[in-house]
Amino acid sequence: MAVDSVEQIKDSTGAPPVIKAKRPLYLDGPQSRSFELGFAWKVFRQILAGNRALYFVGPCITVFGSARFKENHPYYGVAREFGKRIAGIGFTVMTGGGPGIMEAANRGAFENEGKSVGCNIHLPMEQQPNKYMQKWITFDYFFLRKAMLLKYSYAFIVMPGGFGTLDEMFNTLTLIQTKSLTQFPVVLYGKMYYQPLVDMIEKMIVEGTIQKEDLNLLLITDDIDEAMNHINTYISSNYDLLKKRTSFWWLFERQFPSKRKV
């Protein structure tokens, strides 16, 4: 787990600042008690900041995917359409707040008068907040970021991505499988991209490491309409979305901001 302070280093080429890699503490064993207490306090402060930032954003649908797809990539266009569709049914689009698929989903909502938010993360590369969000928060730790994404989301759409995308998807599926989390829709978009992964999941079923029913936790599709209908059907059957949070500001939370110009 990394705990050093984050520093931004200016690139002599004029490129965006690069965040210095943090000092890893895995395998170092226990630290001093004061260090561990300081770490716990830092985690608590970020949890509090996350709750303050996101408490009034409304019900969210989170879109995961690679930060590396550019605007001209077909998957960027799909994610942008998902953002538009999500905003169209009155939900807030939540992403990891970075470029690529995350930017595209935020952009789809932002450009169509929808709510667009992000849970960003400090990384040595790639992860600068995109400009299509009205509100975002940046975390130092992945486990806090994932906790906030889960806390405020009513569905997940998993677009093609890398290790981080798969980590978020499998972490969510594990929590649902073990009933640590109330089941909600998880959509895996991109049949051709994810076919080897689907083959591996089916192998797990054959080997008995997961149950056949576990595959039902995941809708695998290439159809935006099918994905949105799946989400709509599940949510309308299981959640009271009209319930609003109390307007009493226990933690001095701020109202959702007015839309900013790009």
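Strand E7 (153-158), helix H5 (163-177), strand E8 and strand E9 (219-221) are among the elements that cover the buried residues of H6, where contact means heavy atoms within 4.5 Å. Helices (H or I, at least four residues) and strands (E, at least two) are DSSP runs, numbered from the N terminus. This is a predicted model, so to speak: local features need pLDDT of at least 70, side-chain atom pairs count only at pLDDT 80 or more, and totals for chains, interfaces and linings use all residues. Residues are numbered from 1 along each chain as its sequence is written, and side-chain values use heavy atoms, with hydrogens and water left out.

Stay with H6 for a moment. Its buried residues (under 20% relative accessible area, 1.4 Å probe, protein chains only; exposed is over 50%, partly exposed in between) include Tyr 194, Leu 197, Val 198 and Ile 201. At Leu 197 the helix bends by about 35°, the angle between axes fitted to the seven residues ending there and the seven starting there.

Now for the rings. Searching the whole structure turns up 12 aromatic pairs; Phe, Tyr and Trp (its six-membered ring) pair if ring centres lie within 6.5 Å, with planes under 30 degrees apart stacked, over 60 edge-to-face and the rest tilted. Phe 69 and Tyr 75 make a tilted pair, 5.6 Å centre to centre with 50° between the planes. Ring pairs also tie Phe 69, Tyr 75, Tyr 193 and Tyr 194 into a cluster. Phe 69 is buried at 17% relative accessible area.
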